[in-house]
Amino acid sequence: MKHIFLVEDDTAIAKNLILLLSSEGFTVTHSPTRSEAITALSHNKFDLSLIDISLPDGNGFTVCTEIKEAQNIPVIFLTAYGDEGSVVTGLNMGADDYITKPFRPRELIARIKTALRKNGHSMPDFQIHGLNVDTTKGIVKKDGEEIFLSALEYRLLLVFINNPKSIITRGTLLDELWDAAGEFVNDNTLTVYIKRLRKKIEEDPTKPKIILTVRGTGYRLGGTYA
């Protein structure tokens, strides 16, 4: 049985989340503040954490860092902030995912299961064609220079990193990116995001070597990787 660490100061939201997670077979430990979260962290072993960004005695970014240092488990931010700046900050702090309030219960459960499934299978440091991705710190470098990706671009890149030997269909990518930036991602916008990502990570976006197109199917990671 997976143990979920919930850090949320809103009593009503926390109560509903505990009921939802328990109904899905998860064990839940709840802390409403940063200080209580740190105490709980030292006395429990968790499998995943859900963290509200806004806390009465600090913020979720700090809690995320402390959790990653203590147990290095997947972290999903629960945030009322829809602006991309907060999301990118969270991902750069080491968060694995985020979901904006109000959220759909089934979507949250799906995100949790995806994060748990991937935990332990992704490479903390991934290199391919001069691109280096430190998934622990959320830092992406091209030829030694840090490059900055939007939250959705970074998530898109992680899909390929987590599936280095697979052909990834457009449908799978749409499922992974669905509502990721608080907006609907359709087939046309997926093409735009692929183009934007290639522009940032490829030496020549018109002749990609990292994200290759598999005509009629989708995409795959190209070349050798480490």
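Asp134 stands across from Ile139 of strand β10, strands here being DSSP runs of E with at least two residues, and helices DSSP runs of H or I with at least four residues, both numbered from the N terminus. The model is predicted, so that local features need pLDDT of at least 70 and side-chain atom pairs count only at pLDDT 80 or more, whereas totals for chains, interfaces and linings use all residues. Residues are numbered from 1 along each chain as its sequence is written, and side-chain values use heavy atoms, with hydrogens and water left out.

Strand β9 (residues 131–134) runs antiparallel to β10 and is joined to it by four bridges, where pairing requires that DSSP finds at least two bridges between two strands. Strand β11 (residues 145–147) also pairs with β10 in the antiparallel sense, over three bridges, and within β11 Ile147 is the bridge partner of Val140. β10 and β11 form a hairpin with two residues between them, and Asp143 in this turn has a positive phi of about 50 degrees.

## Two faces

In a regular strand, side chains alternate between the two faces of the sheet. Strand β10 (residues 139–142) has Val140 and Lys142 on its covered face, and Ile139 and Lys141 on the uncovered one.

## The chain as a whole

The chain contains eight helices and 14 strands. Of its 226 residues, 46% are buried, meaning under 20% relative accessible area with a 1.4 Å probe, protein chains only.

Terms used:
Buried means under 20% relative accessible area, exposed over 50%, partly exposed in between (1.4 Å probe, protein chains only).
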